[in-house]
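Hi everyone, thanks for coming.

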Amino acid sequence: MSESMTAGGALLRRLKALGIDYVFCNSGTDFPPIIEGLAEAKAKDVALPRMLTIPHEHAAVSMAHGYYQMTGRGQAVMLHTNVGLANGASGAINAATAHVPMLLMSGRTPVTEADRFGARTVPIGWGQEMRDQTALVREASKWDYELRFPEQIGPLLDRARAIAHSTPRGPVYLALPREVLCESVDTAGLDDASSIAPSRVAPDPVALATAAKALAEARAPLIIAQRGAGDAASFAAFAEMVEEWAIPVCSWWAVELALPTDHPCHVGPDPSPWIEEADVIVILDSLAPWWPDRHRPRRDAKVINIGPDPVFSRFPVRNFRCDIAVAGESEDTLPALANVMSHARRDAAALAARRDRIAAASEAERARMRETAQAGAGAPMSKEYVSHCLGEALEGLESTVFSELGTMLGPLPRNARNSWFQEPHSGGLGWAFGAALGAQLAAPDRLIVATMGDGSYMFANPTVCHQIAEALELPVVVLVLNNREWGAVRHSVTGMYPDGYAAKANEVPLTGLTPSPDFTLTARASRAHAERVSDSADLPDALARAIRIARDEHRQVLLDIDTARS
Ligand SMILES: Cc1ncc(C[n+]2csc(CCOP(=O)(O)OP(=O)(O)O)c2C)c(N)n1
Ligand SMILES: [Mg+2]
């Protein structure tokens, strides 16, 4: 028997059938048919995704981002017309750069002025109209469209989700006009499985064989890895392969962990001196693997690009050399590469000598980092010191650290897959807190730590994020590394003009954040446990307390840590 429901509710029902757990929502006057449909579905016992009220769009998109990072499953975000979408655009740019799939939607203000259900009522109906609303996020979207008829809900959502999850993954956008959502639609087929499977690019066997041969025959190979090594199995296979083949792995500006920091082949963030001597370089899923003006690969070095989109076609300019391109998801490519290499001939003695040299360099780098961290004790203390202490506090615990100008990989040892994420290379600040909340939602039993600069904390709309943490009972630990400035901006000025006027000024203009707000009060406003830490000697105890409270009392915690300007 045929049945019908409000199109707004039908849309949510379809999302559920597509396996979406959460819709991160920030609603408005375009939402009545969504909210009515939601209530209708509830009244009729129709299963829907969990619909969450998120009081700022950047937090909503960042939560979907963090949720995906922990689960590998894209979620949905529903925002308010053009203005909500504009607030979420920075998050969409982050998701696109990080290859994070999500179904981004926002309402379209009614286009009709009268005589139709759903037509304009209040002045924003006119004020929020745009000729091309999608333009706000089009460059960050793999696909975009507008729902024209209610019966398109199933087909368009199937298509949107399949495209978002196809290689290379990323966000898609669908605009939802209010009049269309107000219509009634037949429910037949809404609960069926998706009609379109995502397409997954598998590595080309010829490219794989060529890459494997080059790597196996290399005298001085190097891998630069910025965005992880795929799933649990490929993470393990990668660690084994680089050890067996004695390949140094560099984490220059890594935003995700590809190799444990205590692995004997992890040589730290600096590609020098490896890059100058390398005859074969693998760029593993890395947008900007080195600094072209500083790091100079050999002219005859063979460069292999591996990743879901090895040439990063979204970006107008990116000319890192690419002799061999191997396209595919890392979880497919890395085990396949390891397998092909396992059949290659090797000179065991030469590999052993190289392995020893790399391991010694790796150990020396760890020792140097420990020393730098210890030297940063005091009041205020260095970021390296905070990173080191956090590493000690997390030892033996299953944890994930999100860092945005916060703690540093290396001084903060991280060894498990998914244990560490840094802001994407798009750098749309305000990401880490929201992403940590999304990750905690995905992994309720895991210790989730968000560490960020004071500037990044303020970009995250902290009142909003603490409200979410309280409302959804997400016991995240937040560390604000507070140097009362935008240090990264100051560094970029003094880096470009080391002897300039700005560098000689008492305070570099446009970088100071004094007077610094009392962030503990912001957190306490949402009943977080909050402390200020000024002296490095107090940090280990404060961290232990923070972790205990988050775990045992299931309560969010903030530490406002007095951090030195470097
Ligand atoms: C949305 C957004 N606005 C501005 C910037 C430019 N920006 C890059 S780093 C930075 C300062 C970050 O300050 P903070 O988080 O305090 O870290 P610090 O550098 O002081 O350690 C700014 C403003 C950005 N990346 N994103
Ligand atoms: Mg700062």
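Predicted model: local features only at pLDDT ≥ 70, side-chain atom pairs only at ≥ 80, totals over all residues.

Okay, the ligand. Which residues come nearest to ligand 1? There are 15 residues around ligand 1, and K383, G455, S456, G487 and A488 are the ones that come nearest. If you sort that shell by class, you get six nonpolar, six polar and three charged residues.

Now some polar contacts. A backbone N or O atom of G455 is 2.7 Å from an oxygen atom of the ligand. At G427, a polar backbone atom lies 2.8 Å from a nitrogen atom of ligand 1. And then there's N483, where a polar side-chain atom is 3.0 Å from a ligand oxygen atom. So how much of the ligand does the protein bury? On its own, ligand 1 exposes 590 Å², and the protein buries 76% of that.

Let's look at which elements build the shell. Two of them give two or more residues to the shell around ligand 1: α15, which is 454-459, and α17, which is 487-496. The largest share is from α15, with four residues.

Let's zoom out a bit. Where does ligand 1 sit? The answer is the largest pocket. That pocket holds about 1700 Å³ of space. Its lining has 49 residues, and W253, K383, L405, M408 and Q422 lie nearest the centre.

Which element gives the most to the pocket lining? That's α17, with six residues. Elements that each supply at least two lining residues are α12 (348-375), α13 (383-394), β15 (420-422), α15 and α17. By class, the lining splits into 20 nonpolar, 18 polar and 11 charged residues.

The largest cavity has about 80 Å³ of space. Its lining includes S251, T261, H266, E365, R366 and M369, and by class that lining has four nonpolar, six polar and two charged residues.

The second largest cavity comes to about 60 Å³. Among the residues lining it are T29, D30, R120, T121 and R178. Here the classes are three nonpolar, four polar and three charged.

The peptide bond from A379 to P380 is cis, with omega near 0 degrees. You'll find P380 in the loop between α12 and α13, and those two helices also supply residues to the lining of the largest pocket. Another cis peptide bond runs from T514 to P515, again with omega near 0 degrees. P515 is in the loop between α18 (501-504) and α19 (519-524).

And which residue has phi near 65 degrees? That one is D45, which is not a glycine but still has a positive phi. D45 is in the loop between α2 (32-43) and β3 (50-53).

Conventions. Residues numbered from 1 in each chain as written. Chains lettered and ligands numbered in written order. Heavy atoms only, no water. Near = heavy atom within 4 Å. Polar contact = N/O pair within 3.5 Å; in protein donor to acceptor, adjacent residues only side chain to side chain. Areas by Shrake-Rupley, 256 points an atom, 1.4 Å probe, with all protein chains shown as cover. 1 Å grid on protein atoms, 1.4 Å probe; cavity = no way out; pocket = protein on both sides within 12 Å on 5 of 7 lines; lining within 4 Å. Sits in = over half its atoms within 2 Å of the grid points. Nonpolar A, V, L, I, M, F, W, Y, C, P; charged D, E, K, R; others polar. Points joined across faces, edges and corners; volume = space filled by probe spheres on them.
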